[in-house]
Amino acid sequence: MVHHHRHHYGKKGGGDIEKDEEAQSFLSLWENSGYCRKKRTKLVSFLLLSLMCCSLILVPLLFIPSFSWFHLYSFGVQNEGLYVNASLCSSVSNGTICCDRSHYRSDVCIMKGAIRTHSASSAIFLYSSEDSNGFISYVPHPGEDDGEYRELQHEKIKPYTRKWETSVMDTIDELNLTLKRENLGIGHRCDVIHDVPAVVFSTGGYTGNLYHEFNDGILPLYITSQHLNKKVVFVMLEYHDWWIMKYGDILSLLSEYPAIDFTGDNRTHCFPEAIVGLRIHDELTVDSSLMNGNGSIVDFRNLLDRAYWPRIRGLIQDEERDEKEKLSQSPSSESSLETREKVQGDQPRKPKLVILSRNGSRAITNENLLVEAAEKIGFQVQVLRPERTTELAKIYRVLNSSDAMVGVHGAAMTHFLFMRPGSVFIQVIPLGTDWAAETYYGGPARKLGLKYISYKILPRESSLYDIYEKNDPVLRNPSSVTERGWQHTKKIYLGSQTVRLDLSRFQKHLVRAYDHSIKINKRFRRQSQ
């Protein structure tokens, strides 16, 4: 038996209750003829008394408006996809399983008590001396068949945050959450004992796409676990070593313990509590009204800052060391460096614009001219071309120090989370992507406190202009095409379109970004004096 110890990550860069247990107990008692003859009168009296009590409770409700009746049982309702009221499972008794299936994005089940994993059967068991209704369990007499009493409650859940999307949910492993009687856990012994809760979730689905990694995984994980103050163990289905390496800096600020590969670890892990599934609020955001302590998307962004700065400081130290080595080899360059630093120190800093560059579909084909135009306005320009293997800390360093970012709609726009509130985010919106651009990035960017500027291209700025007739709906009425479904949108607008910016048009947006950046920088200098 192993007791779990703290660990710091290495850093490189409605299910139904199967049967009513109370009814089962009464049925078993009734079928025992000896008991029936002796206790029939008391049993009938008990039933009549129960009926009277229920009547006293329910009759007043007949006079309550239907709206109130609805809320009595809903606990949480949706408002544009968000929970408005407290979660159905905000309070869970020991020895019980509670599943909240009211949200269209995800299911969340909470288990409390003697919890034990069993990866071979894709199951998590909870052993209790009470049944799911809080009544003492019925114990069969010796020799009596107890098969029907083995499971008090059985829930199924796929712990991934795209519940409504059947195609991807079909690829997610399903877990069985089973409440059993305490005596049945005698042979299910613990190999590893944890004294902190578990949060169980899947890193399958669309993992591998940056937007989905943050929207479907990292942000919901923060929302679900931040109130536990790192006293939590993450248990993952569809476990990936590269995902642990990529997000280790963030995970280390959410948990003090190593993550567990549910499928790959055959040991029985025992927990006092488990949250199965992740809570999600909306696209790339945190709703402070639903968070303990009123946490917000800005708080999540601050967590990213704490996660990446240790690595960034290491990168800066490495660069300074390399620079010193070069200077030691060429003493004459030292004086020129000092002169350059003095001149730069005497001049106001130019606002920094980062162009998030793409290759292939939705690339800006006249990117070089965009750079020249931005530099003429007064920006210091840096073109950033992140690869799948690029360390997130390196990308964070570039965008955290920027005043503005320009990019074409796509998953890479998720990097707006790395920008400081008050910075400018210009999203170039290709044909056929208006709704997605605003929903997935525009709205969330504003919530983070960014100055969001959208640039919707004209048909002549799209490569599709040279392919389709000028009056074709693809150019003149993209919404009529996207309404046909995702496959049409993906094939035509996402996979086959590049952008050639009309710089005389786009320049106006750059000037707005420049003026805003100058204003913010002046305000910052006054506050720091």
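Q: Which residues point one way from β6, and which the other way?

A: This is a predicted model, in which local features need pLDDT of at least 70 and side-chain atom pairs count only at pLDDT 80 or more, while totals for chains, interfaces and linings use all residues. Residues are numbered from 1 along each chain as its sequence is written, and side-chain values use heavy atoms, with hydrogens and water left out. In β6, Ala123, Phe125 and Tyr127 point one way, whereas Ile124, Leu126 and Ser128 point the other way, and all are buried. Buried means under 20% relative accessible area, exposed over 50%, and partly exposed in between (1.4 Å probe, protein chains only). Because six of the six residues of strand β6 (residues 123-128) are buried, the strand is largely enclosed by the rest of the structure.

Q: Which strands are joined to β6 by bridges, and how do they run?

A: Strands of a sheet pair through backbone hydrogen bonds, either parallel or antiparallel. Two strands count as a pair if DSSP finds at least two bridges between them. Strand β5 (residues 108-118) is joined to β6 by five bridges, and the two run antiparallel; here Thr117 has Ile124 as its bridge partner. The hairpin of β5 and β6 has four residues between the strands, and Ser122 takes a positive phi near 50° in it. Strand β8 (residues 175-181) is joined to β6 by six bridges, and these two run parallel. In β8, Asn176 is the bridge partner of Ala123.

Q: In what order do the five strands of the open sheet stand?

A: The order is β15-β14-β16-β17-β18, with parallel pairing. Strands β15 (380-384) and β18 (451-456) stand at the edges, each with a single partner strand, so one side of each lacks a neighbour in the sheet. On average, neighbouring strands of this sheet are turned by 20° against each other, direction ignored. Within the sheet, four bridges join β14 (residues 352-356) to β16 (residues 404-408), and Leu353 stands opposite Ala404 of β16.

Q: At what angle do helices α5 and α7 pack?

A: Two packed helices are described by the angle between their axes and the distance between the axes. Axes are lines fitted to C-alpha atoms, for helices over the stretch in contact, and angles run from 0 to 180 degrees between N-to-C directions. Helix α5 (residues 210-225) and helix α7 (residues 297-329) pack at about 95°, with their axes 11 Å apart. That makes α5 roughly perpendicular to α7 (65 to 115 degrees; under 35 is roughly parallel, over 145 roughly antiparallel, and the rest oblique). Phe214, Ile218, Leu219 and Tyr222 of α5 meet Ile297, Asp299, Phe300, Leu303 and Leu304 of α7.

Q: Is Ile297 buried or exposed?

A: Ile297, found in helix α7, is buried, with a relative accessible area of 3%. Leaving aside neighbours within four places in sequence, its contacts include Leu219, Leu284 and Lys447. Ile297 and Ile223 lie 74 residues apart in sequence and 9.8 Å apart in space, C-alpha to C-alpha.

How values were computed: Contact = heavy atoms within 4.5 Å.
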